[in-house]
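Dear colleague,

Please find below the structure that I am handing over to you. My findings follow directly after it.

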Amino acid sequence: MDAAVMYGPGDVRVEKREEPRIVEPTDAIVRLSATCICGSDLWPYRGFDALDWPAAMGHEYVGIVEDVGSDVTSVRPGQFVVGSFFASDNTCEICRAGYQSSCVHRVGVAGAQAEYLRVPLADGTLVATPGIPDDDLVPSLLAASDVLGTGWFGALAAEVGPGKTAAVVGDGAVGLLGILSAKQLGAERIIAMSRHEPRQQLAREYGATDIVEERGDEGVERIKELTDGLGAHSVIEAVGTQESMLQAIRATRPGGHVGYVGVAHGVELPGQELFFSHTHLHGGPAPVRNYLPELIELIWNRTIDPGRVFDLELPLREAATGYQAMDQRRAIKVLLRP
Ligand SMILES: [Zn+2]
């Protein structure tokens, strides 16, 4: 089968690999209908994370179940399924508390930028859709696999709700879907921090009421101006740098909440500032599995349209072009068709 493999920074190749097969009785094999490139795939691509090269890439996936192991009972061949980047049993105490991405049996999923994928712990990981989706729903269901689920978690972690002002740091796919999530969860006002016109446009369509182009301390000042000098109730941090994290904390009012879902790289927090800020911090790898049934329903009945973050679609064999487009910010998010 074809699969995208990263050989080192800036070096993605599509090559022939052996098709995966059932290894554990709890596995499923999924024939992928669509997959995509994640903002987090850019960290190794840009040389900020070292992987075990060559590394099979991809952790976002939807497709048709091809085969299941003997212990799998909740999904069967022929069903269309959505999964996420951590396989989980969905039965342990941590899963039952809603933190499947910290499941005591969690397994990281990799190699989804391919024609077939082996998914461990299939019963606890995969969620079947009500039927085979119309083609135009596939990008939105794929978004649920990571970026939507992550934006949703960011909004919940930031305690977004009716009557509140939310601010979103980061205008990548997760930030944009954080805006969609904040809108869906009832935020009264949503401030998007973005300086890129096409992204500002989508941010507004997803529910942003205000756009702040300034960054750093200036961006914080602008948010305070928009919130009677207090700061936002809820801030979603969707980047993961020192600057974006401090921007998020400083843009939050005392008693407010930061939901941080950008994978942190080199972030160090000043303890005394944190102490006096009175902000709640919560975040981490999103427990997407927890939200999949609800998100699939919202997509299935066409209440939300998160798939619009995919502004470039390529055949899998052109994955390298997709990485370049995202690296150079020519595309928000690239969908790959195996
Ligand atoms: Zn678990």
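Helix H9 (residues 242–250) lies across strands S11, S14 and S15 and runs at about 145° to S15. Helices (H or I, at least four residues) and strands (E, at least two) are DSSP runs, numbered from the N terminus. Axes are lines fitted to C-alpha atoms, for helices over the stretch in contact, and angles run from 0 to 180 degrees between N-to-C directions. This is a predicted model, in which local features need pLDDT of at least 70 and side-chain atom pairs count only at pLDDT 80 or more, while totals for chains, interfaces and linings use all residues. Residues are numbered from 1 along each chain as its sequence is written.

How many of the nine residues of H9 are buried? Seven of them are, and H9 is thus mostly covered. A residue is called buried if 20 or more other C-beta atoms lie within 10 Å of its own, exposed if 12 or fewer, and partly exposed in between, with C-beta atoms placed from the backbone. The buried residues of H9 are Ser244, Met245, Leu246, Gln247, Ala248, Ile249 and Arg250. Their cover includes S11, helix H8 (216–226), S14, S15 and helix H10 (271–277).

Six strands form an open sheet with parallel pairing, in the order S13-S12-S11-S14-S15-S16. Two strands pair if DSSP finds at least two bridges between them. Strand S13 (210–212) and strand S16 (280–283) stand at the edges with a single partner strand each, so one side of each has no neighbour in the sheet. On average, neighbouring strands of this sheet are turned by 20° against each other, direction ignored. Strand S11 (residues 165–169) and strand S14 (residues 232–237) are joined in the parallel sense over four bridges. Within S14, Ile236 is the bridge partner of Val168.

The crossing of H5 and H6 is right-handed. A crossing is left-handed if the near helix is turned anticlockwise from the far one by less than a right angle, and right-handed if clockwise. On the H5 side the contact includes Val147, Leu148 and Trp152, and on the H6 side it includes Val174, Leu177 and Leu180. Residues are in contact if their C-beta atoms, placed from the backbone, lie within 7 Å. By class, the contact of H5 with H6 has nine nonpolar, five polar and no charged residues. Here Ala, Val, Leu, Ile, Met, Phe, Trp, Tyr, Cys and Pro count as nonpolar, Asp, Glu, Lys and Arg as charged, and the others, Gly among them, as polar.

H6 has a further partner in H7. The axes of H6 (residues 173–184) and H7 (residues 197–206) come within 8 Å and cross at roughly 15°. That makes H6 roughly parallel to H7, and H6 passes H7 in a right-handed crossing. Leu176, Ile179, Leu180 and Lys183 in H6 meet Arg199, Leu202, Ala203 and Tyr206 in H7. This contact of H6 with H7 has six nonpolar, no polar and two charged residues.

Gly186 is found in the loop between H6 and strand S12 (189–193). Is Gly186 buried or partly exposed? With 13 other C-beta atoms within 10 Å, Gly186 is partly exposed. Gly186 touches Gly161 and Pro162, leaving aside residues up to four places away in sequence.

Lastly, I turn to strand S3. Seven of the nine residues of S3 (residues 28–36) are buried, so S3 is largely enclosed by the rest of the structure. S3 runs antiparallel to strand S5 (residues 61–68), to which seven bridges join it, and Ile29 stands opposite Asp67 in S5. Four bridges join S3 to strand S9 (residues 116–119), again antiparallel, and the bridge partner of Ala28 in S9 is Val119. Two bridges join S3 to strand S18 (residues 333–337), also antiparallel, and Cys36 stands opposite Leu335 in S18.

Yours sincerely

How values were computed: Angles under 35 degrees count as roughly parallel, over 145 as roughly antiparallel, 65 to 115 as roughly perpendicular and the rest as oblique. Two residues are in contact if their C-beta atoms, placed from the backbone, lie within 7 Å.
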